[in-house]
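Student: I have a new model open and would like to learn how to read it. Could you take me through it feature by feature?

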Amino acid sequence: MRVLLIGANGYLGRFVADRLLADPAVQLTALGRGDDADVRFDLASGSPGALTRFLDAVHPGVVVNCAGATRGGARELTRHNTVAVATVCEALRRSGCGARLVQVGCGAEYGPSQPGSSTAEDAVPRPGGPYGVSKLAATELVLGSGLDAVVLRVFSPAGPGTPAGSPLGRLAEALRRAMQSGDGELKLGGLGVQRDFIDVRDVARAVHAASLSAAQGVINIGSGRAVRLRDAAAVLARVAGYGGALHELDGPPSPVRPSIGHPRSEPDHAAPVAYPYPDGCGSWQQADVRTARDRLGWRPRINLEESLADIWMEAACRI
């Protein structure tokens with residue numbers, strides 16, 4: 001099976017590439033903006049016609065799209081998350097390759113949910129920010145394309161390679177700074193939210209399974225369990241061997257300083273307070289993952305403690 005992977009150099013794409021390369025039945029071609037891609041192509045600015053010609057030449061059986069942006073203004077997010085997917089869909093419609101499309105979506109498409117509830121695929125999406133809106137628009141384009149396609153709505157990915165700017169990445173960096181400077185206490189904010197964390201390697205397994213399946217529509221990919229960020233911080237401190245005290249800061253959003261991690265050199269009156277979690281999903285999110293189990297034969301295998309230990313190992317290398 002020939003698979004065309006778009007976004008192989010991204011956070012999720014790297015692990016998807018590793019997973020697909022480990023399958024001897026897969027012939028992998030990587031398309032992206034980086035120099036190490038097999039083919040350089042920018043989805044946000046490239047034309048569907050150019051991509052169609054490439055699809056006709058390579059003739060993949062599956063196209064996996066892991067490309068996209070998580071940061072930036074509404075215009076940039078729309079360009080990379082929505083316009084890019086429109087280009088993929090149009091190119092596949094024009095091409096004679098008949099490839100199946102596996103689109104990587106996100107849990108932010110759902111928006112806020114009721115605390116204690118599990119969000120299933122039939123929930124009405126109400127994204128709470130421009131990122132979720134741009135990804136939901138991409139999902140709607142895929143579902144309305146008439147293609148053989150599936151959208152995997154990935155909840156909160158964690159594990160090796162976690163971006164330093166993400167909430168878990170900032171927690172690890174704050175711990176690293178505290179241990180490096182010998183601080184006996186660490187002030188943290190914004191830890192009250194609960195999220196469904198799923199290891200990136202489990203996400204890669206789900207993409208692989210979706211590539212081989214005939215499942216269509218939307219499928220949630222998560223652990224099925226919401227974890228409070230303060231509990232994740234405590235586990236991260238334990239695996240890091242940090243013996244100091246964690247002090248949680250609560251209060252209204254501050255327009256000046258980040259919420260997670262606080263240099264001790266700042267005066268006490270300048271202590272940061274809690275920002276909203278950046279995905280626009282409010283205080284709670286938990287996936288209903290029964291569809292992934294039933295239609296893909298997929299279950300998460302890696303627990304959060306292992307994911308956090310891997311995040312810490314990468315942060316510790318910067319000490």
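**Starting from one arginine**

Tutor: Not counting residues up to four places away in sequence, Arg205 touches Arg19, Trp298, Arg299, Pro300 and Arg301. Contact here means heavy atoms within 4.5 Å. This is a predicted model, where local features need pLDDT of at least 70 and side-chain atom pairs count only at pLDDT 80 or more, while totals for chains, interfaces and linings use all residues. Residues are numbered from 1 along each chain as its sequence is written, and side-chain values use heavy atoms, with hydrogens and water left out.

Student: Is Arg205 buried or exposed, and in which helix is Arg205 found?

Tutor: Buried means under 20% relative accessible area, exposed means over 50%, and partly exposed is in between, using a 1.4 Å probe and protein chains only. Arg205 has 11% relative accessibility, so it counts as buried. Its helix is α6; helices (H or I, at least four residues) and strands (E, at least two) are DSSP runs, numbered from the N terminus. Arg205 also shows how the chain folds back: Leu20 is 185 residues away in sequence, yet the two C-alpha atoms are 8.8 Å apart.

Student: How do I read the sheet, and what is the order of its strands?

Tutor: Strands of a sheet pair through backbone hydrogen bonds, either parallel or antiparallel. Two strands count as paired if DSSP finds at least two bridges between them. Here an open sheet of 7 strands has the order β3-β2-β1-β4-β5-β6-β11, with parallel pairing. β3 (39–40) and β11 stand at the edges with a single partner strand each, so one side of each has no neighbour in the sheet.

Student: Which bridges could I look up in the viewer?

Tutor: Start with β1 and β4, which run parallel and are joined by 4 bridges; Leu4 stands opposite Val63 in β4. Next, β4 (residues 62–65) runs parallel to β5 with 4 bridges, and Val62 has Arg100 in β5 as its bridge partner. Then 6 bridges join β5 to the parallel strand β6 (residues 149–154), where Val104 has Leu152 as its bridge partner.

Student: What links these strands, and how do I tell the handedness of a crossover?

Tutor: Point the strands away from you: a crossover is right-handed if the path from the first strand over the helix to the second runs clockwise. β4, helix α3 (residues 74–94) and β5 make a right-handed β-α-β unit. From β5 the chain crosses through helix α4 (residues 130–143) to β6, and this crossover is right-handed too.

Student: How many residues of β5 are buried?

Tutor: In strand β5 (residues 100–106), 7 of its 7 residues are buried. Arg100, Val102, Val104 and Cys106 point one way, while Leu101, Gln103 and Gly105 point the other way.

Student: Which residues touch the most other members of the largest nonpolar core?

Tutor: In soluble globular proteins, nonpolar side chains tend to be buried together. A nonpolar core is a set of buried Ala, Val, Leu, Ile, Met, Phe, Trp, Tyr and Cys residues joined through side-chain atoms within 4.5 Å. The largest one has 33 residues, of which Val16, Val64, Val102, Leu152, Ile219, Ile221 and Leu296 touch the most other members. Its largest share, 7 residues, comes from α6. Val64 has contacts beyond four places in sequence that include Val3, Leu5, Val16, Val102 and Val207. A second, separate core of 29 residues includes Leu43, Leu51, Val58 and Val88.

Student: And where is the kink in α3 centred?

Tutor: The bend at a residue is the angle between axes fitted to the seven residues ending there and the seven starting there. In α3 a kink of about 25° is centred on His80. The buried residues of α3 pack against β1, α2 (48–58), β4, β5 and α4.

Student: What happens in the loop between α3 and β5?

Tutor: Gly96 lies in that loop, and Gly96 is exposed, with a relative accessible area of 60%. Beyond four places in sequence, Gly96 is in contact with Asp56 and His59.
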